[in-house]
Amino acid sequence: MRRTTVSLATGITRSSPAAICLAPVLVPSRGVSNVSARPYVEDVSEKETIVKLLYNIGSKKEVEQYLTSFSSVQSHQFAVIKVGGAVLTDSLDALASSLTFLNRVGLYPIVVHGAGPQLNQLLDDAKIEPEYIDGIRITDGRTLTIARKVFAEENLKLVEALERLGTKARPINGGVFTADYLDKDKYKLVGKITHVNKSLIESSIRAGALPILTSLAETPDGQILNVNADIAAGELASVLEPLKIVYLNEKGGLFHGVTKKRIDVINLDEIFVSHRRILIIPSSQEYEDLMKEEWVKYGTKLKIREIHDLLMRLPRTSSVSIISADHLHKELFTHSGAGTLIRRGHRIFKHSGQNCLSNVDVDKLRSLLSDNDPTIVGGSTSVASYLKSLESNNAVIYGDNGYDIFASVLPAKEGSEEPSFVEKFVSTKEAGLNNVTDNLWTVLQKDFKSLAWIVPKSDVNLSWYFEKADGSFTQNDKVLFWSGVTNLDVIQKLMAKMTPASVAGSATATAAKSSGARSFSTSARIFGQQMRGYSTKATQRVGIIGARGYTGQELIKLINSHPSLELSHVSSRELAGKPVAEYTRSTVTYSNLSPKDLPAQSDVDAWVLALPNKICKPFVDALEDAKSNAVVVDLSADFRFTDSWTYGLPELYGSREKVRHSKRISNPGCYATGSQVAIAPLVASGLVAPGMSGVTVFGVSGYSGAGTTPSPKNDVSLLNNNLMPYALTGHIHEREISHQLSRSNGTDVKIGFIPHVGQFFRGISLTVSIPVTSVVKPEDVRALYEKQYAGEKLIKVLKVGEIPEVRDIQNKHGVIVGGFAVSSSGDRVVVVATIDNLLKGAATQALQNMNLALGIEEYAGIPTF
């Protein structure tokens, strides 16, 4: 969820779903321009590896959709990146790394750089006083001579940094921009670009080299002129019409002058077309309002005005991002982004009444519904039947002129407190990538004071709908959502329509306000039973104690993209005072909180204790003494054997419901989670003898499991070409696995666990040998696991004989279980499970538990299988 948004139209946010009713997206090969192909073969395996690395910053679906979008245009139309001189000085390595990353996935950003700070320094050394008029540097002959020298040096510096990383780059110091004098008498040798020669850029890309341009221009008779790099990048973009124009700066975005928070999104305009008249929500009105803000002045005002004028000349698919070099990937490849996005809105139509289809291109609408509406694709109804129903049910319909999205709403009766019903909301992947989904939903919420809608429980965008809702109710395979409904009697009636009259009981209603509104929950009793009141607080806040380690860093990343949580405190003794770089939604600084400091932070809804074993108790005691109502999730082993704490393994032992009603949750260990997933179905089936004599778990973990404190178990030189066994008996996870299986089985269970450290960084492989009391077949064993884990979104059961490997679980958020081999005598089963020790083995499971305990949708913010 993106929090701080300045909208020049309707407040569209960046957190829209990738697409509604979306099919899997394939990444095509990268196209070149309209000339012959590059003279070398792309390393497909390397590209696949880099793409997988991108999954660290966003979901696989996000990354692949953006790659598909960026790859859908000619190579020179991907992105123009303007690099400030300060970035070349302070962040050269990060810049080169980011550009190399993009190139490795087949993209060719065009770089235009400045060198202002470097030029100022050389002018100062030469005793030349810089002069400016209207913010434009007056450039005389001496200044231009120094400028040409410094531009060439900085250009070569970037090219060489790229080539050191194996990325081909071509320095282009001239020949691209033709210019006339801007005002020779006033500014001297300063140019106004009149023509852009893109052939040099295309030639560079054909040769497989990134074009690295300076902003110097030439007159038709050969006089060199100085041009501001921002202006040069804008003129280049006007000719190439790229999807992205990126301005790199050291701050990482534009910041609000009053709140000091980064501005997330600036939407420049949006137009709605009704069947009666064109209704314009004018960009000029709200644009001018923004420009009149007291804090919008000087360079900020000039920058916003120039970007506004540029985007008004470009297709609506183009957008501008202002971002730091370090976070370029996150800005380009995730919905949440990391900098400031500036874009235009979308043209939306709205029609109502019996003739609502008379002003619609029915053929285009038919195509959209045929390809993207699950009820039509699945054959439940036809397009013709649906369109006929629209004419008779007084629906209000919405869409865009490109027919990438369509929605229909059945208005509530006048004077009724019941909500209007969203009976159709269908879009293409392009609508998701261009945020038209969020855009249109904002329109619906403006037009109707309250809404209700029903979504299949299996919908891939379920978490997005949770963001848009004030409450929800799940019944069988459907989820009822509502927003804007404040009357509890109306909510009960909505639920009753979803529930058979003969059924009485309880349900959980979960709410997740979007874009800065706080999620809240209610345990709702149906049919007149007591209903707990709603909370109206803002987005729920999380504090992390002990965030220096790998798990803490992974958890910060997850919260950074969570729709209903925000990070309020991050405590680390070693990092105190430094900014939390992985958290980009607002400025958070590492602190050093002591146990006595925690109760005073009354705005924190959940604390995560990411501390070593035997360290957590003082923090817990401080919260208990203060009678804190905050949820506490402990990642250490300190409370895994304490009955007053809930053991947070939602997929087993009925823990899911226990966690929902718990304030103190002990997060399972990484080895323990994977081992229990691998063993539990056989125990539950009664095939394992009491005591489980002979059960052994052979575990191999990546060295990140040994933490960040130096030791032999995370010494890469010692682990090279090596496998290191340790804690041959009595490992804490051996005790934990035995303890939890004993509690669930009602008998004393003992297992043997032998851990090892491998030379890879992350991931765990567990080979589990289990004697059984009856002769079984591999297919029978797999069927037990398939039944046990049916519907679990974080557990994947492979086919018989398919053995999960560590490389396939790295950076994934669940457990993969497979193998299902049976000895020739039929009395011993071998199961293999893999788990990422930092994710489902720690951070992801902590977030899953927090979601449940805070009343948020369980998988919110978690990519699932």
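Visitor: Of the contacts in the protein chain between residues at least 6 apart in sequence, what share join residues at least 24 apart?
Guide: That share is 70%. Keep in mind that this is a predicted model.

Visitor: OK, and how many helices and strands are there in the protein chain?
Guide: The chain has 28 helices and 40 strands.

Visitor: What percentage of the residues are buried?
Guide: Buried residues account for 56% of the 865 in the protein chain.

Visitor: And the accessible surface, what does that come to?
Guide: About 35,600 Å² for the protein chain, and 50% of that belongs to carbon and sulfur atoms.

Visitor: Let's go inside. How many residues are in the largest nonpolar core?
Guide: There are 61 residues in that core. Ile81, Leu95, Leu158, Phe177, Leu213, Leu236 and Leu248 have the most contacts inside it. Helix 6 (residues 141-164) gives this core its largest share, 9 residues.

Visitor: Why would nonpolar side chains be buried together?
Guide: As a general rule, they tend to do that in soluble globular proteins.

Visitor: Pick Leu248. What is Leu248 in contact with, leaving aside neighbours within four places in sequence?
Guide: Its contacts include Ile81, Val83, Val87 and Leu95. Lys82 and Gly84 are on the list too, and so are Ile323, Ser324, Ala325 and Leu328.

Visitor: Which residues does the second, separate core include?
Guide: Ala680, Val688, Val749 and Tyr789 are among them, in a core of 44 residues.

Visitor: Switching topic: how many salt bridges does a search of the whole structure find?
Guide: The search finds 23. One of them joins the side chains of Lys303 and Asp230, with N to O at 2.8 Å. Lys303 sits in helix 11 (residues 298-313) and Asp230 in helix 9 (residues 229-240), so this pair links distant parts of the chain, 73 residues apart.

Visitor: Is Lys303 buried or exposed?
Guide: Lys303 counts as buried because its relative accessibility is 19%, and the cut-off for buried is under 20%. Asp230 counts as buried too, at 15%.

Visitor: Which residues are linked with Asp230 in a network of salt bridges?
Guide: Lys82 and Lys303 are linked with Asp230 in that network.

Visitor: What about Asp373, which residue does it form a salt bridge with?
Guide: Asp373 pairs with Lys424, and their closest N and O atoms are 2.6 Å apart.

Visitor: Last one: where is Ser408?
Guide: Ser408 is in strand 20 (residues 405-410). At 0% relative accessibility, Ser408 counts as buried.

Visitor: So what does Ser408 touch, not counting residues up to four places away in sequence?
Guide: Ser408 touches Tyr386, Leu390, Val396 and Ile397, and also Phe421, Val422, Glu423 and Lys424. That Lys424 is the salt-bridge partner of Asp373.

Definitions and conventions. Residues numbered from 1 in each chain as written. Predicted model: local features only at pLDDT ≥ 70, side-chain atom pairs only at ≥ 80, totals over all residues. Heavy atoms only, no water. Salt bridge = Lys/Arg side-chain N within 4 Å of Asp/Glu carboxyl O. Helix = DSSP H or I, 4+ residues; strand = E, 2+ residues; numbered from the N terminus. Buried < 20%, exposed > 50% of the residue type's maximum accessible area, 1.4 Å probe, protein only. Contact = heavy atoms within 4.5 Å. Areas by Shrake-Rupley, 256 points an atom, 1.4 Å probe, with all protein chains shown as cover. Core = buried A, V, L, I, M, F, W, Y, C linked by side-chain atoms within 4.5 Å.
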